[in-house]
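Visitor: Could you take me closely through one part of this model, the place where the ligand sits? I would like to know what surrounds the ligand and how that place connects to the rest of the fold.

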Amino acid sequence: MVSEQRKKEILDAILNAVVQYDEDQCARWCKTALQEGLDAYEATMKGLAAGMDTVGELYTRQEYFVPELLLCSDALYAGLNILRPYIRTDSAAHKGKLLLGVVEGDIHDIGKNLVKTMFEASGWQVVDLGKDVKLDRFAEEQKKIKADLVGLSALMTTSMMAIEKVVGMLKAADPEVKVLVGGAPLSLEIARKFGADGYAEDAVSAVQEAGRLIRKQPV
Ligand code: B1M
């Protein structure tokens, strides 16, 4: 069992590799994390995703700009590719089919991809429409595939306004459809205001919330 000190050292190294956009170091430390028995999801969230939070702060302080953000994303994905196959979830969770995408006007897809990873690791089938998805495409695809749940992601205060429109289109086509939303600018309050059935703050709670929604339990 790895000591708390060593665990912190590894997680900090992963975080720093993302911040320093060092793909090789990021992959190397993620391999070390697995070799030394760290939980892959914890390494993803407290290493890779935490690194991206720091990157966001540097961007806000105008120490990093868009090119650095892209390089940091590449480093994150180098690590995520190592960790992804080892991410485990609650096997008793309810499974189903999820239609997922980032709404039009928004190209941030790292969070959506983590959500996808967690659903797939839990045994869900995910139909991923990608990022910057035209708003009417969600209802069109849902008509074809009849997923148990539609998941919408938005990372900007501007793009999140599209979520209300998409929820409206989905519900107009099928009042029974369940919609789960998430992304940094959203909250449970905003999700309810937009007419969504559920909101999740992160990828793990998204899977749990999805299970609750398709079992039709009250909030
Ligand atoms: Co930009 N960006 N970005 N960016 N970017 C933000 C979002 C921003 C907050 C930075 C800032 O100003 N501090 C800001 C938005 C401000 C606002 O709200 N209005 C911003 C901006 C302004 C922009 C541009 C406009 C910059 C420009 O061009 N001048 C531009 C936008 C272009 C566009 O979309 N049209 C832009 C571009 C980019 C890059 C392409 C360079 C890159 C994205 C690369 C990529 O995604 N492939 C990027 C990045 C990396 C960021 C930050 C730094 C990091 C985002 C991230 O990946 N976080 C971000 C600052 C920040 O968030 N601190 C920022 C890590 C990820 C794991 O977390 O995405 O929150 P997150 O996902 C979480 C939860 O939110 C949740 O679970 C995930 C995992 O736990 N979740 C869900 C997400 N979706 C969910 C769905 C669910 C449930 C949970 O159910 C369906």
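**Around the ligand**

Guide: Let's begin with Ala203, where a backbone N or O atom lies 3.4 Å from an oxygen atom of the ligand. Keep in mind that this is a predicted model, where local features need pLDDT of at least 70 and side-chain atom pairs count only at pLDDT 80 or more, while totals for chains, interfaces and linings use all residues. Residues are numbered from 1 along each chain as its sequence is written, and side-chain values use heavy atoms, without hydrogens and water.

Ala184 also faces a ligand oxygen, with a polar backbone atom 3.3 Å from it. At Thr60 the side chain takes part: one of its N or O atoms is 2.9 Å from a nitrogen atom of the ligand. (A polar contact here is a pair of N or O atoms within 3.5 Å.)

Now step back to the whole shell. The ligand is surrounded by 35 residues, each with a heavy atom within 4 Å of it. Thr60 is among the closest, together with Ile107, His108, Asp109 and Ser153. Helix H3 (40-60) is the element that gives the most to this shell, with 5 residues. Two or more residues also come from each of helix H4 (66-83), H5, strand E3 (149-153), strand E4 (179-182) and helix H9 (203-214). (Helices are DSSP runs of H or I with at least four residues, strands runs of E with at least two.)

His108 is the single protein donor to the ligand's cobalt atom, through NE2 at 2.2 Å; donors are N, O and S atoms within 2.8 Å of the metal (3.2 Å for Na, K and Ca), and with water not among the atoms, sites may look incomplete. His108 belongs to the loop that runs from strand E1 (97-102) to helix H5 (110-121).

E1 takes you into the rest of the fold. An open, parallel sheet of 5 strands is ordered E2-E1-E3-E4-E5, where strands pair if DSSP finds at least two bridges between them. Its edges are strand E2 (125-128) and strand E5 (198-199), each pairing on one side only. E1 and E2 run parallel and are joined by 4 bridges; Lys97 has Gln125 of E2 as its bridge partner.

Key: A polar contact is a pair of N or O atoms within 3.5 Å; within protein, one must be able to donate a hydrogen and the other to accept it, and residues adjacent in sequence count only if both atoms are side-chain atoms.
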